[in-house]
Amino acid sequence: MDEMKNTRLELCNRIRMEAEHTGDTGFPLDVFPQTVQSIILDMATYENYKAEFIATSMLSAVSAALGGTYRIRIKGDWQSNGALYIILVGRPGLGKTPPLEAAFRPIRKHDYALFKAYAAEMEAWKAAGENGRKPVLKRTIVSDFTPESLMLTHNNNPRSVVILVDEIMGMFNSANRYTNGQLIEQLLTAWSGGALDVTRVNNAIPVHIEHPCINIIGGTQTKRVHELLRKGFEENGLLDRILFVMPKSPEISKWINRDDDGEMTSLAATRWENILNKVLALDYEAEAEERIPHVLSMARDAKEYFFSWWNRKVERINQIEDDAEVDSREMKHPTHVARLALIIQVLRYASDESHLQFVDMASVKAAIRLNDYFEDSYIRLRSFVANDTCEEPPKVLLSLLPDTFDTKTAIAIGKELQGVSERTVMNYLKELCHSRLLRKAKAGHYEKVMYGSGKYSINENE
(Lines give C-alpha, C1' and ligand atoms only; values in the text may rest on other atoms or scores of the structure.)
Protein backbone atom coordinates (compact mmCIF):
# COMPACT_ATOMS: atom_id res chain seq x y z
CA MET A 1 0.00 0.00 0.00
CA ASP A 2 2.79 2.43 0.97
CA GLU A 3 4.69 1.59 -2.22
CA MET A 4 1.61 2.30 -4.33
CA LYS A 5 1.08 5.59 -2.46
CA ASN A 6 4.69 6.64 -3.11
CA THR A 7 4.39 5.71 -6.78
CA ARG A 8 1.29 7.90 -7.15
CA LEU A 9 3.02 10.75 -5.30
CA GLU A 10 6.12 10.40 -7.47
CA LEU A 11 4.02 10.61 -10.62
CA CYS A 12 2.12 13.61 -9.26
CA ASN A 13 5.36 15.39 -8.32
CA ARG A 14 6.86 14.73 -11.74
CA ILE A 15 3.81 16.17 -13.49
CA ARG A 16 3.82 19.23 -11.23
CA MET A 17 7.54 19.85 -11.77
CA GLU A 18 7.07 19.68 -15.54
CA ALA A 19 4.08 22.01 -15.38
CA GLU A 20 5.96 24.50 -13.18
CA HIS A 21 9.15 24.20 -15.30
CA THR A 22 11.12 23.36 -12.16
CA GLY A 23 13.85 21.87 -14.32
CA ASP A 24 14.64 25.33 -15.68
CA THR A 25 15.92 26.36 -12.24
CA GLY A 26 18.72 23.82 -12.42
CA PHE A 27 17.93 22.79 -8.86
CA PRO A 28 17.72 18.96 -8.46
CA LEU A 29 14.42 18.89 -6.60
CA ASP A 30 13.93 15.24 -7.54
CA VAL A 31 16.72 14.16 -5.13
CA PHE A 32 14.47 14.95 -2.15
CA PRO A 33 12.08 12.36 -0.69
CA GLN A 34 8.75 12.32 -2.50
CA THR A 35 6.89 13.68 0.53
CA VAL A 36 9.29 16.61 0.84
CA GLN A 37 9.12 17.29 -2.90
CA SER A 38 5.36 17.62 -2.53
CA ILE A 39 5.73 20.03 0.41
CA ILE A 40 8.24 22.17 -1.50
CA LEU A 41 6.00 22.30 -4.56
CA ASP A 42 3.03 23.31 -2.40
CA MET A 43 5.01 26.08 -0.73
CA ALA A 44 6.31 27.28 -4.09
CA THR A 45 2.78 27.30 -5.52
CA TYR A 46 0.76 28.68 -2.62
CA GLU A 47 3.36 30.92 -0.95
CA ASN A 48 5.31 32.02 -4.06
CA TYR A 49 8.58 30.74 -2.59
CA LYS A 50 11.52 30.09 -4.85
CA ALA A 51 11.88 26.30 -4.84
CA GLU A 52 15.67 26.68 -4.53
CA PHE A 53 15.31 28.83 -1.41
CA ILE A 54 12.78 26.73 0.48
CA ALA A 55 14.47 23.42 -0.42
CA THR A 56 17.92 24.60 0.69
CA SER A 57 16.48 26.14 3.86
CA MET A 58 14.96 22.74 4.65
CA LEU A 59 18.37 21.08 4.28
CA SER A 60 19.77 23.57 6.78
CA ALA A 61 16.86 23.02 9.18
CA VAL A 62 17.37 19.23 9.08
CA SER A 63 21.07 19.68 9.82
CA ALA A 64 20.30 22.00 12.74
CA ALA A 65 17.67 19.60 14.11
CA LEU A 66 20.00 16.60 13.75
CA GLY A 67 22.95 18.37 15.32
CA GLY A 68 25.74 16.14 16.55
CA THR A 69 23.57 13.09 17.22
CA TYR A 70 24.56 11.45 13.92
CA ARG A 71 27.78 11.64 11.94
CA ILE A 72 28.95 10.19 8.66
CA ARG A 73 32.17 8.26 8.15
CA ILE A 74 33.91 9.79 5.16
CA LYS A 75 37.11 7.73 5.05
CA GLY A 76 38.87 5.72 7.72
CA ASP A 77 38.61 7.64 11.00
CA TRP A 78 37.52 10.81 9.19
CA GLN A 79 33.99 11.58 10.35
CA SER A 80 31.78 14.64 10.10
CA ASN A 81 28.47 15.97 11.33
CA GLY A 82 26.07 17.59 8.88
CA ALA A 83 26.78 21.27 9.56
CA LEU A 84 26.34 23.62 6.58
CA TYR A 85 27.16 27.28 5.98
CA ILE A 86 24.64 28.65 3.47
CA ILE A 87 23.88 32.03 1.92
CA LEU A 88 20.74 32.68 -0.17
CA VAL A 89 21.42 35.37 -2.77
CA GLY A 90 18.83 37.36 -4.70
CA ARG A 91 17.61 40.79 -5.65
CA PRO A 92 15.36 42.72 -3.23
CA GLY A 93 11.86 41.26 -3.10
CA LEU A 94 12.85 37.85 -4.45
CA GLY A 95 11.71 36.29 -1.19
CA LYS A 96 14.67 35.01 0.80
CA THR A 97 13.40 35.47 4.37
CA PRO A 98 9.89 33.86 4.21
CA PRO A 99 11.11 30.41 3.11
CA LEU A 100 13.83 30.58 5.77
CA GLU A 101 11.25 31.21 8.46
CA ALA A 102 8.94 28.51 7.10
CA ALA A 103 11.70 25.89 7.14
CA PHE A 104 12.82 26.76 10.67
CA ARG A 105 9.40 27.37 12.23
CA PRO A 106 9.26 23.91 13.87
CA ILE A 107 12.67 24.55 15.48
CA ARG A 108 11.51 27.98 16.69
CA LYS A 109 8.50 26.22 18.19
CA HIS A 110 10.83 23.70 19.84
CA ASP A 111 12.99 26.54 21.20
CA TYR A 112 9.92 28.27 22.63
CA ALA A 113 8.95 25.08 24.48
CA LEU A 114 12.47 24.99 25.95
CA PHE A 115 12.11 28.64 26.97
CA LYS A 116 8.85 27.98 28.79
CA ALA A 117 10.43 25.03 30.60
CA TYR A 118 13.39 27.23 31.55
CA ALA A 119 11.10 29.98 32.88
CA ALA A 120 9.25 27.44 35.05
CA GLU A 121 12.52 26.00 36.35
CA MET A 122 13.79 29.49 37.19
CA GLU A 123 10.65 30.24 39.20
CA ALA A 124 11.04 26.98 41.12
CA TRP A 125 14.74 27.67 41.70
CA LYS A 126 14.04 31.13 43.06
CA ALA A 127 11.20 29.82 45.25
CA ALA A 128 13.67 27.31 46.74
CA GLY A 129 15.96 30.12 47.82
CA GLU A 130 18.21 29.82 44.78
CA ASN A 131 19.63 26.59 46.11
CA GLY A 132 21.01 23.91 43.80
CA ARG A 133 22.15 24.29 40.24
CA LYS A 134 20.83 27.34 38.47
CA PRO A 135 18.74 26.46 35.39
CA VAL A 136 20.19 27.30 31.97
CA LEU A 137 18.33 28.29 28.83
CA LYS A 138 18.74 25.88 25.94
CA ARG A 139 18.02 27.03 22.41
CA THR A 140 19.08 26.20 18.88
CA ILE A 141 18.51 29.40 16.88
CA VAL A 142 20.62 32.51 17.48
CA SER A 143 20.51 35.74 15.48
CA ASP A 144 21.94 38.63 17.50
CA PHE A 145 25.05 37.57 19.42
CA THR A 146 28.70 38.09 20.27
CA PRO A 147 31.33 35.35 19.88
CA GLU A 148 31.24 34.73 23.63
CA SER A 149 27.45 34.51 23.82
CA LEU A 150 27.42 32.15 20.81
CA MET A 151 29.84 29.81 22.55
CA LEU A 152 27.84 30.00 25.78
CA THR A 153 24.63 29.16 23.90
CA HIS A 154 26.35 26.20 22.24
CA ASN A 155 27.76 25.09 25.59
CA ASN A 156 24.23 25.08 27.02
CA ASN A 157 22.96 23.19 23.98
CA PRO A 158 25.86 20.94 22.86
CA ARG A 159 23.63 19.25 20.29
CA SER A 160 23.77 22.22 17.90
CA VAL A 161 23.21 25.89 17.27
CA VAL A 162 22.24 27.61 14.05
CA ILE A 163 23.08 31.20 13.18
CA LEU A 164 19.99 32.38 11.31
CA VAL A 165 20.33 35.95 10.05
CA ASP A 166 18.00 37.78 7.69
CA GLU A 167 20.74 39.99 6.15
CA ILE A 168 23.86 37.96 6.72
CA MET A 169 26.32 40.56 5.41
CA GLY A 170 25.65 42.61 8.53
CA MET A 171 26.99 39.74 10.62
CA PHE A 172 30.10 39.30 8.48
CA ASN A 173 30.78 43.04 8.34
CA SER A 174 30.74 43.27 12.12
CA ALA A 175 32.65 40.03 12.71
CA ASN A 176 36.10 41.58 12.81
CA ARG A 177 35.19 44.11 15.47
CA TYR A 178 35.14 41.31 18.02
CA THR A 179 38.60 40.51 19.37
CA ASN A 180 40.47 40.56 16.06
CA GLY A 181 38.13 38.28 14.16
CA GLN A 182 37.46 35.83 16.97
CA LEU A 183 34.07 34.85 15.51
CA ILE A 184 35.55 33.96 12.11
CA GLU A 185 38.23 31.83 13.75
CA GLN A 186 35.55 30.02 15.73
CA LEU A 187 33.51 29.37 12.59
CA LEU A 188 36.54 28.07 10.69
CA THR A 189 37.44 25.74 13.56
CA ALA A 190 33.87 24.53 14.06
CA TRP A 191 33.41 23.72 10.36
CA SER A 192 36.59 21.66 10.40
CA GLY A 193 35.45 19.75 13.49
CA GLY A 194 37.96 21.18 15.94
CA ALA A 195 37.18 21.75 19.63
CA LEU A 196 36.29 25.26 20.78
CA ASP A 197 37.55 26.88 23.98
CA VAL A 198 36.62 30.23 25.51
CA THR A 199 38.41 31.40 28.65
CA ARG A 200 37.46 34.73 30.18
CA VAL A 201 38.20 36.35 33.51
CA ASN A 202 34.49 36.80 34.30
CA ASN A 203 33.75 33.12 33.64
CA ALA A 204 34.46 30.89 36.64
CA ILE A 205 34.46 27.80 34.39
CA PRO A 206 35.99 27.96 30.89
CA VAL A 207 33.70 27.00 28.01
CA HIS A 208 34.87 23.91 26.14
CA ILE A 209 32.93 22.40 23.25
CA GLU A 210 34.55 19.16 22.18
CA HIS A 211 32.37 18.47 19.13
CA PRO A 212 30.89 21.76 17.88
CA CYS A 213 27.99 21.69 15.46
CA ILE A 214 27.27 25.17 14.13
CA ASN A 215 25.06 25.84 11.14
CA ILE A 216 24.84 29.19 9.38
CA ILE A 217 22.11 30.34 7.02
CA GLY A 218 20.97 33.76 5.90
CA GLY A 219 20.20 35.87 2.89
CA THR A 220 21.79 38.79 1.12
CA GLN A 221 21.19 40.93 -1.92
CA THR A 222 23.20 40.39 -5.08
CA LYS A 223 24.60 43.93 -4.88
CA ARG A 224 26.16 43.15 -1.46
CA VAL A 225 27.87 39.85 -2.21
CA HIS A 226 31.09 41.55 -3.30
CA GLU A 227 31.56 42.63 0.34
CA LEU A 228 32.41 39.01 1.17
CA LEU A 229 35.40 39.17 -1.15
CA ARG A 230 36.67 42.40 0.34
CA LYS A 231 36.75 41.18 3.94
CA GLY A 232 39.50 38.62 3.43
CA PHE A 233 37.12 35.67 3.73
CA GLU A 234 38.53 34.14 0.56
CA GLU A 235 42.08 34.26 1.87
CA ASN A 236 41.23 32.70 5.25
CA GLY A 237 39.15 29.93 3.66
CA LEU A 238 35.70 30.87 4.98
CA LEU A 239 34.35 31.49 1.47
CA ASP A 240 35.28 27.93 0.46
CA ARG A 241 33.10 26.59 3.26
CA ILE A 242 29.95 28.46 2.20
CA LEU A 243 27.30 27.02 -0.12
CA PHE A 244 25.56 29.64 -2.24
CA VAL A 245 22.07 29.60 -3.72
CA MET A 246 21.53 32.11 -6.51
CA PRO A 247 18.40 31.42 -8.62
CA LYS A 248 18.94 31.52 -12.37
CA SER A 249 15.77 33.56 -12.78
CA PRO A 250 15.54 36.88 -10.92
CA GLU A 251 11.83 37.15 -11.72
CA ILE A 252 9.34 37.44 -8.87
CA SER A 253 6.31 35.18 -9.29
CA LYS A 254 2.98 36.91 -9.73
CA TRP A 255 0.34 36.44 -7.06
CA ILE A 256 -2.63 34.24 -7.95
CA ASN A 257 -5.81 34.52 -5.93
CA ARG A 258 -6.83 31.02 -4.80
CA ASP A 259 -9.52 30.19 -2.26
CA ASP A 260 -7.51 27.32 -0.80
CA ASP A 261 -4.15 29.11 -0.38
CA GLY A 262 -4.33 29.23 3.41
CA GLU A 263 -5.54 25.66 3.79
CA MET A 264 -2.91 24.18 1.47
CA THR A 265 -0.09 26.19 3.08
CA SER A 266 -1.19 25.10 6.54
CA LEU A 267 -1.27 21.45 5.48
CA ALA A 268 2.21 21.72 3.96
CA ALA A 269 3.56 23.39 7.11
CA THR A 270 2.05 20.66 9.31
CA ARG A 271 3.58 17.92 7.17
CA TRP A 272 6.97 19.61 7.37
CA GLU A 273 6.69 20.02 11.15
CA ASN A 274 5.97 16.31 11.52
CA ILE A 275 9.08 15.44 9.51
CA LEU A 276 11.35 17.84 11.38
CA ASN A 277 9.99 16.72 14.76
CA LYS A 278 11.05 13.19 13.87
CA VAL A 279 14.59 14.49 13.31
CA LEU A 280 14.50 16.44 16.59
CA ALA A 281 13.50 13.22 18.35
CA LEU A 282 16.75 11.52 17.31
CA ASP A 283 19.29 11.33 20.12
CA TYR A 284 22.81 10.21 20.94
CA GLU A 285 23.74 6.60 21.73
CA ALA A 286 21.33 5.55 24.49
CA GLU A 287 23.66 3.25 26.41
CA ALA A 288 26.58 5.69 26.69
CA GLU A 289 26.97 8.02 29.68
CA GLU A 290 28.56 10.72 27.52
CA ARG A 291 27.10 12.16 24.33
CA ILE A 292 28.30 9.59 21.82
CA PRO A 293 26.98 10.17 18.29
CA HIS A 294 25.79 7.43 16.00
CA VAL A 295 28.23 7.02 13.10
CA LEU A 296 26.79 5.98 9.75
CA SER A 297 29.06 4.44 7.15
CA MET A 298 28.35 4.45 3.44
CA ALA A 299 27.10 1.26 1.87
CA ARG A 300 29.80 -0.52 -0.15
CA ASP A 301 28.45 0.55 -3.56
CA ALA A 302 27.82 4.11 -2.30
CA LYS A 303 31.37 4.35 -0.96
CA GLU A 304 32.82 3.09 -4.24
CA TYR A 305 30.75 5.63 -6.16
CA PHE A 306 31.82 8.44 -3.79
CA PHE A 307 35.52 7.51 -4.03
CA SER A 308 35.34 7.20 -7.82
CA TRP A 309 33.70 10.63 -8.10
CA TRP A 310 36.42 12.24 -6.00
CA ASN A 311 39.30 10.33 -7.64
CA ARG A 312 38.30 11.68 -11.05
CA LYS A 313 38.73 15.15 -9.62
CA VAL A 314 42.03 14.15 -8.03
CA GLU A 315 43.38 12.92 -11.37
CA ARG A 316 42.60 16.29 -12.95
CA ILE A 317 43.99 18.26 -9.99
CA ASN A 318 47.24 16.24 -10.04
CA GLN A 319 47.86 17.37 -13.62
CA ILE A 320 48.02 21.01 -12.49
CA GLU A 321 51.65 22.12 -12.21
CA ASP A 322 51.12 25.61 -10.78
CA ASP A 323 49.98 25.54 -7.13
CA ALA A 324 48.18 28.85 -7.67
CA GLU A 325 45.92 27.11 -10.17
CA VAL A 326 44.61 24.58 -7.64
CA ASP A 327 41.14 25.64 -6.55
CA SER A 328 41.08 25.49 -2.75
CA ARG A 329 37.28 25.47 -2.81
CA GLU A 330 37.24 22.17 -4.64
CA MET A 331 39.18 20.60 -1.77
CA LYS A 332 36.06 21.05 0.39
CA HIS A 333 33.83 19.09 -1.99
CA PRO A 334 34.23 15.67 -0.29
CA THR A 335 33.17 17.15 3.05
CA HIS A 336 30.21 19.00 1.56
CA VAL A 337 29.03 15.94 -0.35
CA ALA A 338 29.38 13.68 2.69
CA ARG A 339 27.41 16.11 4.87
CA LEU A 340 24.69 16.51 2.26
CA ALA A 341 24.48 12.72 1.89
CA LEU A 342 23.98 12.36 5.66
CA ILE A 343 21.26 15.03 5.65
CA ILE A 344 19.43 13.46 2.70
CA GLN A 345 19.58 10.02 4.36
CA VAL A 346 18.12 11.47 7.57
CA LEU A 347 15.46 13.36 5.64
CA ARG A 348 14.46 10.19 3.79
CA TYR A 349 14.23 8.38 7.13
CA ALA A 350 12.11 11.15 8.67
CA SER A 351 9.83 11.02 5.61
CA ASP A 352 9.35 7.25 6.12
CA GLU A 353 11.05 6.55 2.80
CA SER A 354 14.30 4.98 4.05
CA HIS A 355 16.32 3.95 7.14
CA LEU A 356 19.16 5.13 9.37
CA GLN A 357 21.35 2.03 9.25
CA PHE A 358 23.84 3.41 6.72
CA VAL A 359 24.10 6.03 3.95
CA ASP A 360 23.04 4.43 0.69
CA MET A 361 23.75 5.05 -2.97
CA ALA A 362 20.66 7.20 -3.53
CA SER A 363 21.74 9.66 -0.84
CA VAL A 364 25.32 9.88 -2.15
CA LYS A 365 24.16 10.51 -5.71
CA ALA A 366 21.70 13.11 -4.44
CA ALA A 367 24.47 14.85 -2.50
CA ILE A 368 26.77 15.05 -5.53
CA ARG A 369 24.01 16.60 -7.62
CA LEU A 370 23.23 19.12 -4.88
CA ASN A 371 26.91 19.99 -4.58
CA ASP A 372 27.07 20.53 -8.35
CA TYR A 373 24.12 22.91 -8.11
CA PHE A 374 25.69 24.92 -5.29
CA GLU A 375 28.96 25.15 -7.22
CA ASP A 376 27.11 26.30 -10.33
CA SER A 377 25.51 29.03 -8.19
CA TYR A 378 28.95 30.01 -6.92
CA ILE A 379 30.36 30.23 -10.45
CA ARG A 380 27.48 32.42 -11.61
CA LEU A 381 27.90 34.54 -8.48
CA ARG A 382 31.61 35.07 -9.13
CA SER A 383 30.85 36.09 -12.70
CA PHE A 384 28.18 38.53 -11.49
CA VAL A 385 30.48 40.06 -8.88
CA ALA A 386 33.37 40.36 -11.32
CA ASN A 387 31.29 42.22 -13.88
CA ASP A 388 29.50 44.32 -11.27
CA THR A 389 32.63 45.57 -9.51
CA CYS A 390 34.65 46.42 -12.61
CA GLU A 391 34.37 49.74 -14.46
CA GLU A 392 33.23 49.74 -18.09
CA PRO A 393 36.42 50.95 -19.90
CA PRO A 394 38.56 48.06 -18.58
CA LYS A 395 35.82 45.60 -19.59
CA VAL A 396 35.80 47.11 -23.10
CA LEU A 397 39.55 46.50 -23.33
CA LEU A 398 39.02 42.94 -22.09
CA SER A 399 36.50 42.30 -24.86
CA LEU A 400 39.06 43.38 -27.46
CA LEU A 401 41.80 41.09 -26.18
CA PRO A 402 42.31 37.39 -26.98
CA ASP A 403 41.84 34.76 -24.26
CA THR A 404 45.59 34.78 -23.55
CA PHE A 405 47.92 37.69 -24.25
CA ASP A 406 51.00 39.53 -23.07
CA THR A 407 51.46 43.10 -21.85
CA LYS A 408 52.82 44.27 -25.19
CA THR A 409 49.69 43.06 -27.02
CA ALA A 410 47.37 44.74 -24.48
CA ILE A 411 49.18 48.07 -24.79
CA ALA A 412 49.07 47.94 -28.59
CA ILE A 413 45.35 47.11 -28.70
CA GLY A 414 44.55 49.73 -26.06
CA LYS A 415 46.34 52.45 -27.99
CA GLU A 416 44.93 51.45 -31.38
CA LEU A 417 41.31 50.56 -30.56
CA GLN A 418 40.64 52.56 -27.40
CA GLY A 419 43.00 55.47 -27.84
CA VAL A 420 44.39 55.17 -24.29
CA SER A 421 47.94 55.48 -23.02
CA GLU A 422 50.26 52.71 -21.88
CA ARG A 423 49.81 53.78 -18.26
CA THR A 424 46.02 53.63 -18.61
CA VAL A 425 46.20 50.16 -20.12
CA MET A 426 48.32 48.97 -17.17
CA ASN A 427 45.76 50.43 -14.75
CA TYR A 428 42.99 48.64 -16.66
CA LEU A 429 44.85 45.33 -16.41
CA LYS A 430 45.34 45.87 -12.69
CA GLU A 431 41.61 46.52 -12.18
CA LEU A 432 40.63 43.51 -14.30
CA CYS A 433 42.87 41.28 -12.16
CA HIS A 434 41.44 42.79 -8.98
CA SER A 435 37.90 42.12 -10.24
CA ARG A 436 38.88 38.53 -11.14
CA LEU A 437 38.02 38.90 -14.80
CA LEU A 438 41.68 38.44 -15.59
CA ARG A 439 44.57 36.57 -14.02
CA LYS A 440 48.32 36.87 -14.44
CA ALA A 441 49.62 33.54 -15.75
CA LYS A 442 53.23 34.63 -15.32
CA ALA A 443 55.22 37.84 -15.50
CA GLY A 444 53.91 39.91 -18.41
CA HIS A 445 51.35 37.27 -19.49
CA TYR A 446 47.61 37.21 -18.77
CA GLU A 447 44.62 35.00 -19.39
CA LYS A 448 40.89 35.65 -19.08
CA VAL A 449 38.99 33.96 -16.28
CA MET A 450 36.30 31.79 -17.86
CA TYR A 451 33.62 31.24 -15.24
CA GLY A 452 31.75 28.73 -17.33
CA SER A 453 34.79 26.60 -18.02
CA GLY A 454 38.36 26.02 -16.94
CA LYS A 455 39.36 26.46 -13.31
CA TYR A 456 35.89 27.46 -12.12
CA SER A 457 34.00 24.89 -14.14
CA ILE A 458 32.10 22.02 -12.56
CA ASN A 459 30.59 20.83 -15.83
CA GLU A 460 32.21 17.42 -15.69
CA ASN A 461 30.28 14.39 -16.86
CA GLU A 462 30.58 12.60 -13.57
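Helix H14 (residues 407–418) lies across S11 and S13 and runs at about 90° to S11, where contact means heavy atoms within 4.5 Å, and angles run from 0 to 180 degrees between N-to-C directions of lines fitted to C-alpha atoms, for helices over the stretch in contact. This is a predicted model, in which local features need pLDDT of at least 70 and side-chain atom pairs count only at pLDDT 80 or more, while totals for chains, interfaces and linings use all residues. Residues are numbered from 1 along each chain as its sequence is written, and side-chain values use heavy atoms, with hydrogens and water left out.

Helices (H or I, at least four residues) and strands (E, at least two) are DSSP runs numbered from the N terminus. Three strands form an open, antiparallel sheet in the order S11-S13-S12, with two strands counted as paired if DSSP finds at least two bridges between them. S11 (404–406) and S12 (438–442) are the edge strands, each pairing on one side only. Three bridges join S11 to S13 (residues 445–448), and aspartate 406 stands opposite histidine 445 in S13. Helix H15 (residues 422–434) lies across S11, S12 and S13, at about 105° to S12.

Of its 29 lining residues, Asn155, Asn157, Pro158, Arg159 and Arg291 are the closest to its centre.

Methods:
1 Å grid on protein atoms, 1.4 Å probe; cavity = no way out; pocket = protein on both sides within 12 Å on 5 of 7 lines; lining within 4 Å.
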